[in-house]
Amino acid sequence: MDMLTSLVSDVEDAVANGDPSRRVETLRRMTDLFIEQAPHLADLHVAVFDEVILRLARGIEFRVRVELSERLADLVNAPEGVLRDLAFDDEIAVARPVLERAVRLGEDDLAEVAASKSQEHLLALTRRACLSERITEILVDRGDDRVVCAVAGNEGAALSDRSLSCLVEKARGDEGLQSQLQARASLGNEQLQQLVAIAREKARVSMRAALGSLDGLSIDAAAFDDAVDDAAEDVVRTSSYKALVDDFADAARIVTECAGSGALDEETIAGWARDGRIEEALAAIAHLAHVPTTVVARAYHSNHYDPLLFILRSLRFGWSTFKTFLVAKAGRNLTDEVHRSAFAAFQQLSVSTAQRIVRFTAMRERTLEAEAL
């Protein structure tokens, strides 16, 4: 370690000299040496580097501290004192690399950053590969909408029951947070039930507002609520249609290949429906809507067209595509009465409302699966 001894002497000279350029040069030499030797260094030697690098890095110009943070963030035995100094820097560009990636930052340091620093610092913490329940509780309590949504979307973030309850409550007014929570594999049945209730209420309110804006339309509130519930439940309710996974195995492979080539779009799907390739068409809709194929199959074979309308409208598919599926479903041209009724329903249903219904459907399906276990 003769070179290290020499560099320590250089550090003393650089600090005493007060020349910023010499200080930067010495810092870079010391950092280069540490990165080169890091895999072979004992804790005692790391501690020496920690002391001298920290002494050089404090008070140095912004761009050099950013550079230092980037260089040390991914080292498994990076000097802890330097990491801590960088993590607590008020400049997020300096703090971000170590907050997001440094495994050597201690739990207490992470908790202190989460409890005291800016929302940008908190957002950087949410991007760590792993977060303990202790840290996520602070982030959920202090974080703004971006932070809370990022916590929910990080599967490596452990969530306590209190954090989950808090996130579900916050999700009442935040559709993005609802989506993140719905996607979490670790979400419990109780939280799923709560999200289902939230999605159902939002769909009900949105549809009531949309329909209530139509001139001359009189809506009975109780009857309307029952209709929304029945229509939404119909998508996931067990029906006489028995859709076996094997029925869609070949279709799923075709859809995957088509999606991989970028050719999976509304025109292709409508063409499959016109050509009688219903399995491929339903599998493609399921792929785009991010719901199980059996859900789309049940919607297609439902006694009413509402479940299918919700799914197609959520994908922003047009009236002609919806009509194509209705014709395929009926096996004949639509009667004037069905045509008028379906067209009116299509026009009255907004995309946002349809998307809420489909999100509710996906959550309800997950809930039913959990209850069956």
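Predicted model: local features only at pLDDT ≥ 70, side-chain atom pairs only at ≥ 80, totals over all residues.

Tutor: Let us begin with a definition: a helix here is a DSSP run of at least four residues, and helices are numbered from the N terminus. The protein chain has 22 helices and zero strands, and of its 373 residues 46% count as buried.

Student: Why is Lys-117 called buried?

Tutor: The word buried is used for a relative accessible area under 20%. Lys-117 has a relative accessibility of 13%, and therefore it counts as buried. Leaving aside neighbours within four places in sequence, Lys-117 is in contact with Phe-88, Asp-89, Asp-90, Leu-122 and Arg-142.

Student: What makes the pair Lys-117 and Asp-90 a polar contact?

Tutor: A polar contact needs a pair of N or O atoms within 3.5 Å, one able to donate a hydrogen and the other to accept it. The side chains of Lys-117 and Asp-90 are joined at 2.4 Å, which is within that limit, and the pair is therefore listed as a polar contact. As for another part of the chain, the C-alpha atoms of Lys-117 and Ile-92 are separated by 9.8 Å, although these residues are 25 apart along the chain.

Student: Ile-92 brings me to helix 6. How do you know that helix 6 is largely enclosed by the rest of the structure?

Tutor: Seven of the 10 residues of helix 6 are buried, and so this helix is described as largely enclosed. The buried ones are Ile-92, Val-94, Ala-95, Pro-97, Val-98, Leu-99 and Glu-100, and they pack against helix 4, helix 5, helix 7 and helix 8.

Student: Why does Glu-100 count as buried?

Tutor: Glu-100, which is found in helix 6, has a relative accessible area of 18%, and because the cut-off is under 20%, Glu-100 is buried. Not counting residues up to four places away in sequence, Glu-100 touches Ala-124, Arg-127 and Arg-128. With Arg-127 there is also a polar contact between the side chains, at 3.0 Å.

Student: Why are helix 9 and helix 11 called roughly parallel?

Tutor: Their axes come within 9 Å and cross at roughly 25°. Angles under 35 degrees count as roughly parallel, and helix 9 and helix 11 are therefore given that name. Helix 9 passes helix 11 in a left-handed crossing. On the side of helix 9 the contact is made by Thr-136, Glu-137, Val-140 and Asp-141, and on the side of helix 11 by Arg-162, Ser-163, Cys-166, Leu-167 and Lys-170. By class, this contact has three nonpolar, two polar and four charged residues.

Student: Which residues of helix 9 are buried, and what covers them?

Tutor: Ile-135, Thr-136, Ile-138, Leu-139 and Val-140 are buried in helix 9, and what covers the buried residues includes helix 7, helix 8, helix 10 and helix 11.

Student: Where do helix 3 and helix 5 make their contact, and at roughly what angle do their axes cross?

Tutor: The axes of helix 3 and helix 5 come within 7 Å and cross at roughly 35°. Asp-50, Ile-53 and Leu-54 of helix 3 meet Glu-80, Gly-81, Val-82 and Asp-85 of helix 5 in this contact, whose residues divide into three nonpolar, one polar and three charged.

Note on methods:
Residues numbered from 1 in each chain as written. Heavy atoms only, no water. Helix = DSSP H or I, 4+ residues; strand = E, 2+ residues; numbered from the N terminus. Buried < 20%, exposed > 50% of the residue type's maximum accessible area, 1.4 Å probe, protein only. Contact = heavy atoms within 4.5 Å. Axes fitted to C-alpha atoms, helices over the stretch in contact; angles between N-to-C directions. Parallel < 35°, antiparallel > 145°, perpendicular 65-115°, else oblique. Left-handed = near helix turned anticlockwise from the far one by under 90°. Nonpolar A, V, L, I, M, F, W, Y, C, P; charged D, E, K, R; others polar.
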